[in-house]
Amino acid sequence: MAPQYDAIVVGAGFGGMGAAIELKRLGLHDLLILEREDDLGGTWHVNRYPGLAVDIPSSTYSYSFEPNPHWSRLFAPGEELKRYAEHVAVKYGLRPLMRFGVTVTGARWRDGHWEVVAGEKTFTARYLVTATGFLSMPKMPDIEGIESFQGKVIHTAAWEPCDLAGKRVAIIGTGATAVQLIPELARQASALTVYQRTPIWVSPKPDYPIPPAVRTLFARLPFAQRAVRWLGSSVLELMMISGVVRYKQLRVVNRLAERWCRLHLHRQVRDPELRRRLTPDYSFGCKRPTFSNDYFRTFTRPHVRLETASIERVDASGVVTAEGKAEIDVLVLATGFDLWDTNFPAFEVIGREGRDLGAWWRQNRFQAYEGVTVPGFPNYLSLNSPYSYSGLSYFTTIECQMTHVRRLFTAMRSRGSSVFEVTQRANDEFLHRMRTKVTRNSVFSLGHCATAHSYYFNQHGEATLLRPTSTVSAHRAANSFPLSDYDFSSIGVTRTGRADAPAGRQGQSTAPRPAGNPAW
Ligand code: NAP
């Protein structure tokens with residue numbers, strides 16, 4: 001039976017939309033985009049907490065082929081990102097392809113195509129793309145008694161408008177989300193207690209409104225905005241290379257970044273004891289650093305208290321530590337997201353010969369060739385894979401992956417094939433290269449990361465989220481990976497003649513070459 005769709009994309013965030021745009025450009029028009037939420041935008045649809053803003057300059061945090069001259073600030077607020085996502089979806093004809101409120105529970109490679117299950121429904125497609133995000137499964141803290149709290153409990157990823165004026169508020173967590181939210185909470189609450197387990201490196205945020213005249217300039221002369229994008233990308237690249245990837249060679253720059261953050265803290269907080277408690281004891285770059293101009297200062301306000309004693313329990317009226325109890329009305333959980341336990345992959349994916357991706361990753365190390373494809377999983381693009389995240393802006397990752405997909409599908413089409421699968425050899429070599437780079441050069445191995453509690457590390461203590469190369473090198477790889485790293489074949493006419501058999505070796509396919517485009 002022919003599959004219903006050319007491709008199914010799971011996830012209607014920026015990653016999924018980028019993949020769908022690329023597939024459409026490649027001539028795959030029969031696409032289905034399945035999304036668990038009730039609208040598109042991924043992170044920027046789900047997250048609505050006060051203070052939400054991008055922490056990368058917006059000219060960089062956007063598709064290079066779709067610049068937006070209308071950003072109101074250098075670091076745009078969350079709702080502008082959401083509007084940008086809507087604009088892209090309409091302009092590139094993606095909205096009609098999307099189905100919302102559909103939670104995919106499993107996918108299986110069967111009879112030469114993918115079967116994707118969502119509750120009672122099954123969809124079939126020749127290609128499967130998962131773009132389910134890294135930070136999409138909110139983590140609820142395992143704290144005794146939290147369910148007995150009688151006030152309001154709210155996770156930052158499920159924010160609902162609530163009047164905090166005059167309320168006693170506590171927030172658990174001091175990650176990038178909390179850094180944005182805490183100053184906002186302090187503006188409204190009558191008392192705010194911040195429960196910090198691990199401090200975070202915070203740099204000043206060079207954030208300014210973009211005057212209307214500059215926006216007009218960007219609209220009329222896109223080149224001007226491209227120059228700003230280039231500048232922003234270069235600064236981020238320098239941070240990433242010196243802070244993380246080339247720590248061994250550029251340790252001094254990493255130290256300067258730490259100094260810069262310490263100076264920022266020093267300028268905003270005069271109390272040395274408070275400064276000490278807000279200063280990380282792990283190397284810059286072990287955990288994603290963030291930007292804020294008012295985070296540190298907030299702790300100097302009389303109604304804001306930093307609590308660093310461990311939380312023992314939550315009871316009906318507050319949070320208890322060894323230092324005592326804070327009576328509160330609202331408990332905010334800025335406790336982040338589960339990645340490695342629940343999001344790799346986000347649902348069961350079964351490939352060739354029954355290979356279970358989640359189990360295979362856990363038994364054989366987290367790995368994916370160029371952060372995109374996995375041996376044993378034909379016609380599958382896993383966008384949120386180990387070693388896929390490149391640079392600091394997610395759009396770098398997205399665009400590298402779009403390039404990879406373009407090169408891969410073009411090669412497949414030129415061979416008259418319709419099935420691709422990365423070879424085990426190429427995957428092994430890539431994994432070896434990435435592991436060597438992490439071990440020899442990166443802050444993850446050579447810095448002090450043990451106390452960082454960073455989600456860059458998986459449950460085995462290996463830093464397998466970020467690609468340990470420059471973004472320039474990631475782009476180069478996407479443009480020039482050896483095509484012999486893939487096997488190409490056609491359904492039903494593979495080396496062994498079985499429809500779900502391993503794809504035939506590149507250039508050795510026995511498939512007759514169809515005239516014109518292959519049937520996808
Ligand atoms: P996060 O960085 O994982 O931080 C979670 C915080 O909650 C940490 O401080 C963690 O402490 C704490 N925590 C978790 N469980 C706890 C428990 N049981 N008891 C006490 N504390 C607990 O999550 P996030 O702040 O939501 O940020 C996640 C990522 O989202 C960021 O790194 C960033 O990439 C992204 N983000 C991006 C933007 C943007 O503008 N683009 C904005 C916000 C967030 P430990 O560190 O000790 O575990």
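**Helix 1 against helix 3**

Helix 1 passes helix 3 in a left-handed crossing, a term for a near helix turned anticlockwise from the far one by less than a right angle. This is a predicted model, in which local features need pLDDT of at least 70 and side-chain atom pairs count only at pLDDT 80 or more, while totals for chains, interfaces and linings use all residues. Residues are numbered from 1 along each chain as its sequence is written, and side-chain values use heavy atoms, with hydrogens and water left out.

The axes of helix 1 (residues 14-25) and helix 3 (residues 78-91) come within 11 Å and cross at roughly 20°, the axes being lines fitted to C-alpha atoms over the stretch in contact. That angle makes helix 1 roughly parallel to helix 3, a label for angles under 35 degrees.

On the helix 1 side, Phe14, Met17 and Ile21 meet Leu81, Tyr84, Ala85, Val88 and Ala89 of helix 3, where contact means heavy atoms within 4.5 Å. By class, the residues of this contact are eight nonpolar, no polar and no charged.

Phe14 also belongs to the largest nonpolar core, of 144 residues, and is one of those that touch the most other members, together with Ile8, Leu94, Ile171, Phe409 and Phe444. Such a core is a set of buried residues joined through side-chain atoms within 4.5 Å, buried meaning under 20% relative accessible area with a 1.4 Å probe. Helix 11 (residues 394-414) gives the most to this core, with nine residues.

Methods
Axes fitted to C-alpha atoms, helices over the stretch in contact; angles between N-to-C directions. Helix = DSSP H or I, 4+ residues; strand = E, 2+ residues; numbered from the N terminus. Parallel < 35°, antiparallel > 145°, perpendicular 65-115°, else oblique. Nonpolar A, V, L, I, M, F, W, Y, C, P; charged D, E, K, R; others polar. Buried < 20%, exposed > 50% of the residue type's maximum accessible area, 1.4 Å probe, protein only.
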